[in-house]
Amino acid sequence: MLLEAAKDKTGDGVLIDIDDLILGTTNNAPFVKWANGNFLDYDVYLIRDIWHAMKKAIIIINWLKWNNKVVIDNNLAEVQYTINKIRTFFELAQAGLQVPRTFYPQSKAHFQKYVEEAGYPVVIKSNSAGKGAYVYKCDDEATVKDLIKQIEKSGHKYEKYLIQEYIPYKRDLRIFVLGGEAVAAMHRIPKPGNFAANYSKGGSVEVTELTPTIKEIAEKAAKAAKAEFGGVDLLETDRGEYYALEVNRTPGFDGISKATGEDFGEKVIEYCIKVYNQSSGQK
Amino acid sequence: MKLLIFGTPKTQEVRWIVEEAKKAAHTVDAISLYDVRIATKDNGIELASEKVKILDYEAYLFRGMTRHLWEALLLAEWLYSQGKVVVDERLATKRYIPSKASTSIALAKEGIPQPMTIIPMGVNEALQELKTIKYPVILKDAWGRQGRRVYLAKSFEEAKKYVHEFHEARQQYLIQEYIPVNYDTRVFVVGDKALGGMKRTAPENDFRSNLAVGGTAQAVELTPEMAKLAVSAAKVSCMEIAGVDILTNQSKNYVLEVNRCPQFKGFQPSTGINVAKEIVDYIASKVANTSKENGC
């Protein structure tokens, strides 16, 4: 979607697999090699889907920035440890947004203690997995015990999880923020029997009105997470309260494009062009 | 000064720092990052410990934190935002990546001499490079410490084996020119000062000189060039307390590694330099000049 839009709008665009790159230093100066062409030939570098290779990606992003390239990376290189969901959470909390009470366990003892403190039902989710993977809602002690067994069996560390108070909610909202501005919202309906509402887990989506309150919270959340574009997840309760849950830095566009009938790939590319024009205006 | 150390309280280094701080009549405590409770509360964050009142101090020293990187960074940032002195300050103000690849590029950017280094992203590219390179060559884990997972490959076949090993373990690694010397010099830098140097000689049948793998230590007089190189390498890496490893071959110096908050249980006795006291004095003077203008 993005590549097509890029070619449409700029006449050029290429997808680079970071595994094809070699960085290094020789004669006391840094270099980069790319077998398919000149890596520095482009004006704008949009960073997507690098979660599997975060450490590599950060080096490349920093390297591009040193070369004064426009990098749309959602400040990944700045907030590099957000590979980890809980950090975003703390940023949201620190910005004064309402978030569910969340605990970060560093051991089994913490884990058990914090589950008690959070009370039932409790939400337990993996720090780093995206797209709704490893998110559990446990209604009672027995379910938590089963989960602990599962964690021990899989060899995962307890600090891979976070423990969260369960917020009974009416709707699960995803708001798209582009250049600091909330541009569209949808709510996600989980597939029957599924607790996580992620579109990529088979949930369906419906467009939501972007009320001033939702817009304000979403923009504040994106700002707190230093995401210039992203998907902000909010829970809306029956009482009309909003809890900030997550800011996704490389959100999928399929759901929102379907819900609104607009091509979000195109919007992102337009945004890249705008940022580039602004930055070349400054030079 | 009131100082809180995050690290393993029972390590020799932490015990020495605590001792020196007490001698100078400072208030000092040390806790493990495991003892910090990390939670959100009332739309803010809760960072607390059952052992100490975290906010009761003026300065915070982050020692070892490999297993607690993001927690340490969260804590550092939060303390800094409360106007506290954090060492290293960069933990709070600049994102910290404890990767040898980042250090290598940062050094190269400033033209600091180092052995030729290649940071391959994919297997095929790595093998391509290894076909044209001079042997023997070093392959090392970009996140390894104390000489762990550092290999010397004598041939392409051998290098290929390590490349596959790193990729299978999904580890980022470096390919580095081998400088044929059997020792390096560890320079201990605190602030803008190179405290002194220790020559580390590799044990027989090993090319690594880390003390952790059996290297032997001996105090050496630092040349002014070496001291200057070490201080600038630490500065480029934005580290206030650093162990800089320098290789010397045919009277040329190369920076091999810059380590944040390194161990000194070997350095201190072999050089007779009281590193713990230097660290305490450095933090105390930082607290005294609370202006943070010189931050990195």
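Predicted model: local features only at pLDDT ≥ 70, side-chain atom pairs only at ≥ 80, totals over all residues.

1. For chain B the mean pLDDT is 90, with 97% of its residues at 70 or more.

2. Helix H5 (residues 141-154) of chain A comprises 14 residues, and the distance from its first C-alpha to its last is 20 Å, close to the 20 Å expected at 1.5 Å a residue. Its buried residues are Val144(A), Leu147(A), Ile148(A) and Ile151(A); because these cover an arc of only 105° around the axis, they sit on the same side of H5(A). The other side of H5(A) carries the exposed residues Lys145(A), Lys149(A) and Lys153(A).

3. As to what covers the buried residues of H5(A), the elements include helix H4 (108-118), strand S6 (122-126), strand S7 (135-138) and strand S8 (161-165), which belong to chain A. Just after H5(A), Gly155(A) adopts a positive phi of about 75°.

4. Helix H6 (residues 212-224) of chain A should span 18 Å, given its 13 residues at 1.5 Å a residue, and the 18 Å between its end C-alpha atoms agrees with that expectation. Within H6(A), the residues Ile214(A), Ile217(A), Ala218(A), Ala221(A), Ala222(A) and Ala224(A) are buried; viewed down the axis of H6(A), the buried residues fall within an arc of 160°, so they line one face of the helix.

5. On the other side of H6(A), the exposed residues are Pro212(A), Glu216(A) and Lys223(A). Just after H6(A) comes Lys226(A), for which the model gives a positive phi of about 55°.

6. The largest nonpolar core has 56 residues, and the members touching the most others are Ile175(A), Leu234(A), Phe6(B), Phe62(B), Leu75(B) and Leu79(B). Helix H2 (residues 69-81) of chain B supplies the largest share of this core, namely 8 residues. Apart from this core lies another, of 29 residues, among which are Val28(B), Phe267(B), Ala276(B) and Ala284(B).

7. Which residues is Phe62(B) in contact with, once its neighbours within four places in sequence are left aside? The contacts are Phe6(B), Ala72(B), Leu75(B), Ala76(B) and Leu79(B), together with Val86(B), Val87(B), Leu91(B), Arg260(B) and Cys261(B). Among these partners, Phe6(B), Leu75(B) and Leu79(B) are themselves listed, like Phe62(B), with the core members that touch the most others.

Conventions:
Residues numbered from 1 in each chain as written. Chains lettered and ligands numbered in written order. Heavy atoms only, no water. Core = buried A, V, L, I, M, F, W, Y, C linked by side-chain atoms within 4.5 Å. Buried < 20%, exposed > 50% of the residue type's maximum accessible area, 1.4 Å probe, protein only. Helix = DSSP H or I, 4+ residues; strand = E, 2+ residues; numbered from the N terminus. Contact = heavy atoms within 4.5 Å. pLDDT = per-residue confidence, 0-100. Expected span 1.5 Å × (residues − 1). Arc of directions from axis to C-beta.
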